[in-house]
Amino acid sequence: MYMNERLLEIFQRSRSGTYMTETEFDLRVAKRTQELVKAFEITFDPQMVCPSDDGMADRVFEAGVQLLVDVGAYHIDTGRVIPFTRSEIMGALRQAPDTLYLGEGQDMVIATHRDVEDPNPPLNLTGPAGQACSEEIYLANLISYAQEPYVHAIESGATLTYNGQDIVAGTLLEVKAVQRDSATAREAVRRVGKPGMHIGDCATGMTAIGKMAASEPINGLRPCDGRLVAQMCELKTNDDQLVRIPHLRNYGSHIINLMTPLTGGIGGGPQGVAVVSVAETLFGVLAYYATYHYLSITHIKWTNNSDPWGMYVLAMAGQALARNTHIVITDDPFNMCGPCTDELLYEVAGHSIIGSVCGYTQHGVGSTGGNLPDHHTGLEAGFQGEVGIAATKTGLTREQANEIALRLLPKYQDTFENPKRGKPFQEAYDLKTITPTQEWQDCYRRVKDELTKLGLEFEQGPYD
Amino acid sequence: MAKHTIPKEVAEKLVVALQKGEEANAVAATQAALEAGIEPLSLIQEVIVPTLTKVGEKFENLDIFLPELMAAGIAGTACSAVIEDFLMKQGASMEVAGTVVIGTVKGDIHDIGKNIVASLLKAHGYRVIDIGKDRPAKEFIEAAERSKADVIAASALMSITRAGCREVADLLREVGLKDKYPLIVGGGSLDQAYADEIGADGYSPTAAGAVDLVHSLMRDK
């Protein structure tokens, strides 16, 4: 099916598909996922957070395809299920891009599909990852990301206020805030001398109106930038998400399929969530025309993915998609601890190592479970990029990645019930020079030393 | 005459059905128990509430996942409906621990957290009026008035939707119902400081904490 025809067909199906309540759909997804986990013999061993089983990776892919065929996707506004056939899924996958040109001019980077244990290092498309930011320090915060040598694109945070007033979704205040924040992101990349750097999204915009308000080729987001189109947990969409697609395609923008599958949620345990993650990626290929995919695995209790379940889902969904498709997939580490703690960097490292060997381009980083405003800085994002490059250049296998990840887990896992939230950007950086404080730089060096002892070969970093 | 002591095999059937989230079996077990003359209140207090509370605890400890919690909640609600119907036929009414109006605020379509809190509240014997997601402030208040609620619970996940909680708090004050309906708030974009700023009566970062908050507000009533 050709692209325009497919978009219109999805609209029709969202109006004519089988009607059911949202709860009925949730339970249907849950039941079928567990059946497929069993039928495809997908197993989880807490000592194998990054399995090296090609056969199982392929089975996770097949189970993901089957799940989407069997349950479809739910349209929340109409209560209809949008069905897909296997041949439609495979046809859309064939049409999906394997190479992306992100940004423009001298600052453009080329993201290509990555294989399992790919020798080419991953790009690092990063930023505050949609976390809450204060408007007063937003520009400085974004500069802290854009200036990092191992950062190739920035994605924005979500500011809380506009001129001191709470931003209200779907109102003119959201549009005003999006206009301001996309211009702020543009200013941040200009200030660090990378005016053409790819800007992944303007996360202050939550509704379609907000997202579309960022489209402005001089001061806002350009066609070489991107915007998120999200899925609701699990395999759900609505008109507010779908309406963005014709706009973004017409504008020529990158479309980023945002998924936040919940471990312990509708997909159940990690095996089921790996299957759901594959199905959601395929839905993003089919319905969202995504140029790249953003997997943000979320633990139902802690809202992180640095735990063994999150690592396993990352590893298995990544390998499944790397081995069976040619698309570009990204992942973000979402962590419990915050800036100025060693624990945050260990959480980032474990995720980055697994992501790098399992076919991902990097995205992120989330800190404090995404709960505390301003608890995110450029340092941990740049560090993620460094670790990804080190893991690739060291030539880590999945077995080695598993071994290192298991050795990193005890360094932070005990903090989950009482996380070290660290310090906000305003205290972790000198705001005049936009430089990490000595304390934060010391954490960076300590953790890098430890990772070096575990076998990672680093290049010169910004705070060595 | 209604029996206060529940035979072990009757209780066990209902417990198993609730734990497994088997709605039809749970309803059948409830009907059988009522037909056998078991006192409805005993059935609720000694079997349904403790079982669903245990299911909630298992979810909190991650021994089970969200679908199991949802299925148990659905089965529990179906059993309550059977009991309520039975009592109405007898001209009596069912006692509940309290009534909570719950919803996700305007602009926010994320409702998993809200659904978990609703399930846990039901498990603890509350009547829950779930108004859904993306709901404007006035709907919280209208629902509270209609259902004679004891507490309003508003949830917001996204940072730019948390203002919806403020709108509920402001409207409650404006229409003079602030003291009648205590407001609790929760969700990823909120914290205690914001809850204090908007004048909410409680905030919890966890679903179990939200239930404790409601308990405490009910005690103060």
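These legends describe close-up views of a predicted model. Residues are numbered from 1 along each chain as its sequence is written, chains are lettered from A and ligands numbered from 1 in the order in which they are written. In this predicted model, local features need pLDDT of at least 70, side-chain atom pairs count only at pLDDT 80 or more, and totals for chains, interfaces and linings use all residues.

**View 1. A cis peptide bond joins A:C233 and A:E234.** Omega of this bond is about -20°. A:E234 sits in a loop of chain A, between strand 12 (226–230) and strand 13 (236–237). Strands here are DSSP runs of E with at least two residues; helices are runs of H or I with at least four; both are numbered from the N terminus.

**View 2. The peptide bond from A:G364 to A:V365 is cis.** Its omega is near 0°. A:V365 belongs to the loop of chain A between strand 19 (361–364) and helix 13 (378–393).

**View 3. A:D374 has a positive phi without being a glycine.** The angle is about 70°. A:D374 is found in the loop between strand 19 and helix 13 of chain A. A:D374 is buried, with 26 other C-beta atoms within 10 Å. A residue is called buried if 20 or more other C-beta atoms lie within 10 Å of its own, exposed if 12 or fewer, and partly exposed in between, with C-beta atoms placed from the backbone.

**View 4. A:E41 is a residue other than glycine with a positive phi.** Phi is near 50°. The loop that holds A:E41 runs between helix 2 (22–39) and helix 3 (54–71) of chain A. A:E41 counts as exposed because it has 11 C-beta neighbours inside 10 Å.

**View 5. Chain B is divided into domain 1 (8–89) and domain 2 (99–220).** The bounds come from an automatic or database domain assignment. Taken over C-alpha atoms, the centres of domain 1 and domain 2 of chain B are 26 Å apart. Twelve residues from domain 1 of chain B and eight residues from domain 2 of chain B make the contact. Two residues are in contact if their C-beta atoms, placed from the backbone, lie within 7 Å.

**View 6. On the side of domain 1 of chain B that touches domain 2 of chain B, helix 3 (40–60) and helix 4 (66–89) of chain B each give two or more residues.** Helix 3 of chain B provides the largest share of that side, seven residues. The side divides into six nonpolar, five polar and one charged. Ala, Val, Leu, Ile, Met, Phe, Trp, Tyr, Cys and Pro count as nonpolar, Asp, Glu, Lys and Arg as charged, and the others, Gly among them, as polar.
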